[in-house]
Amino acid sequence: MSPAPADLKHLYYQMLRIRRAEEAIARRYAEQQMRCPTHLCIGEEAIAVGVCAHLTAQDKVFSNHRGHGHYLAKGGDLPRLLAELYGYAEGCCGGRGGSMHLTDLEAGFVASTPIVGGTVPLAAGYAWAEQMKKSDAAQGSASVAGGRMPEATNVVVIFFGDGCFEEGVMHETLNFAVLKQLPLLFICENNQYSVMTPLAERQPKRDIYKIAAAHGLNTFSGDGNRADEVFQLAQSAVTNARNGLGPQFLELHTHRWPEHCGPNEDDDLGYRSAGELAEWKLRCPLLQTRQMLLGLQLSNDAELVQMDAQLTEEIEQAFAWALQGSRPTIDSMRQHLYA
Ligand SMILES: Cc1ncc(C[n+]2csc(CCOP(=O)(O)OP(=O)(O)O)c2C)c(N)n1
Ligand SMILES: [Mg+2]
């Protein structure tokens with residue numbers, strides 16, 4: 001189903017929030033107070049918001065090195081994300097992780113890690129646990145006379161890139177997820193690049209989602225820069241996974257605007273073909289959704305300007321809070337270690 005008017009506005013709001021937060025991070029990065037490598041998701045916002053729009057607080061998200069958008073779309077705390085970038089104890093990972101180790105368990109954002117593919121099997125493990133809990137609940141309720149049906153299954157989402165799809169662990173996890181029929185959504189953000197190497201130099205010409213389909217799971221493919229399309233595809237996939245139809249795979253085409261890692265643009269380096277980035281900018285996910293909102297008369301310029309101003313204020317306040325943070329103490333160094 002295409003998004004209802006309120007959903008479309010919500011998608012736009014969420015995308016704009018992520019865009020403005022990422023832009024503010026890029027601006028402040030030059031002050032050299034954030035010292036962690038930072039992979040921005042500007043240009044790719046529609047995927048995070050279109051998928052997370054269907055998740056409850058009980059559903060879980062795992063992410064990768066480019067995780068700010070996933071974290072915010074899942075409801076992760078913005079001030080604590082910023083404090084984490086500054087390495088402060090108030091950060092969502094206690095200031096130990098930086099941009100690529102985010103967590104907000106209250107929001108159901110379990111973890112992101114920088115090892116490409118590292119979180120893929122973790123997400124499968126979590127989904128397996130969810131499945132076991134549901135089956136335990138079903139056995140428990142069956143033993144009670146007139147026992148109620150167990151709740152619908154919580155789903156787990158793993159976001160990853162086209163480069164990650166080349167990792168062996170990706171295919172081992174797909175195999176296992178299908179074997180166990182896990183309530184797991186594989187979301188491939190195909191931005192055509194792994195760092196500076198385009199897909200054509202890394203893979204034979206064929207669709208990623210078709211390779212995934214060979215593992216025997218439901219697959220979808222679509223325009224990752226159209227929030228309404230992502231919303232629709234994700235709705236089917238989440239519903240399937242919740243209703244016991246096993247893992248689902250979405251390949252969504254998009255493009256990253258800034259450099260692979262860092263706050264700047266790098267189009268001058270020449271690894272993208274001439275005009276490629278400019279063409280993708282015309283397909284900006286925010287611009288397209290904005291045009292839909294205005295065209296369908298679901299909003300107007302004044303309302304969208306006000307939304308933008310309100311978000312800018314929220315982000316400024318979040319930075320002000322984060323910047324008052326404190327460094328983690330030496331005696332906290334050995335906490336959270338297992339060995
Ligand atoms: C196991 C591993 N190999 C290599 C790297 C270096 N590395 C970091 S990000 C990245 C590119 C990943 O590309 P993709 O999965 O498409 O994500 P994108 O950066 O395009 O969002 C690479 C190779 C790493 N972090 N981990
Ligand atoms: Mg990529």
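Modeller: β7, helix α8 (residues 227–242) and β8 make a right-handed β-α-β unit. This is a predicted model: local features need pLDDT of at least 70, side-chain atom pairs count only at pLDDT 80 or more, and totals for chains, interfaces and linings use all residues. Residues are numbered from 1 along each chain as its sequence is written, chains are lettered from A and ligands numbered from 1 in the order in which they are written, and side-chain values use heavy atoms, leaving out hydrogens and water.

Colleague: Why is the β-α-β unit called right-handed?

Modeller: Point the strands away from you: a crossover is right-handed if the path from the first strand over the helix to the second runs clockwise.

Colleague: What makes β2 and β7 edge strands?

Modeller: The open sheet has 6 strands in the order β2-β1-β3-β4-β8-β7, with parallel pairing. β2 (109–112) and β7 each pair on one side only. The twist averages 15 degrees from one strand to the next. Angles run from 0 to 180 degrees between N-to-C directions of axes fitted to C-alpha atoms.

Colleague: Which helices lie across β3, and at what angles do they run?

Modeller: Helix α2 (residues 45–52) lies across β1 (60–63), β3 (156–161), β4 (184–190) and β8, at about 170 degrees to β3. Helix α6 (residues 168–180) lies across β3, β4 and β8, at about 150 degrees to β4.

Colleague: How do you know that His65 makes a polar contact with ligand 1?

Modeller: A polar contact is a pair of N or O atoms within 3.5 Å. An N or O atom in the His65 side chain is 2.8 Å from an oxygen atom of ligand 1, so the pair qualifies. The Asn191 side chain gives 2.9 Å, and a backbone N or O atom of Cys164 gives 3.0 Å. The protein covers 73% of the 580 Å² of accessible area that ligand 1 has on its own (Shrake-Rupley, 1.4 Å probe).

Conventions:
Helices (H or I, at least four residues) and strands (E, at least two) are DSSP runs, numbered from the N terminus. Two strands pair if DSSP finds at least two bridges between them. Contact means heavy atoms within 4.5 Å. A polar contact is a pair of N or O atoms within 3.5 Å; within protein, one must be able to donate a hydrogen and the other to accept it, and residues adjacent in sequence count only if both atoms are side-chain atoms.
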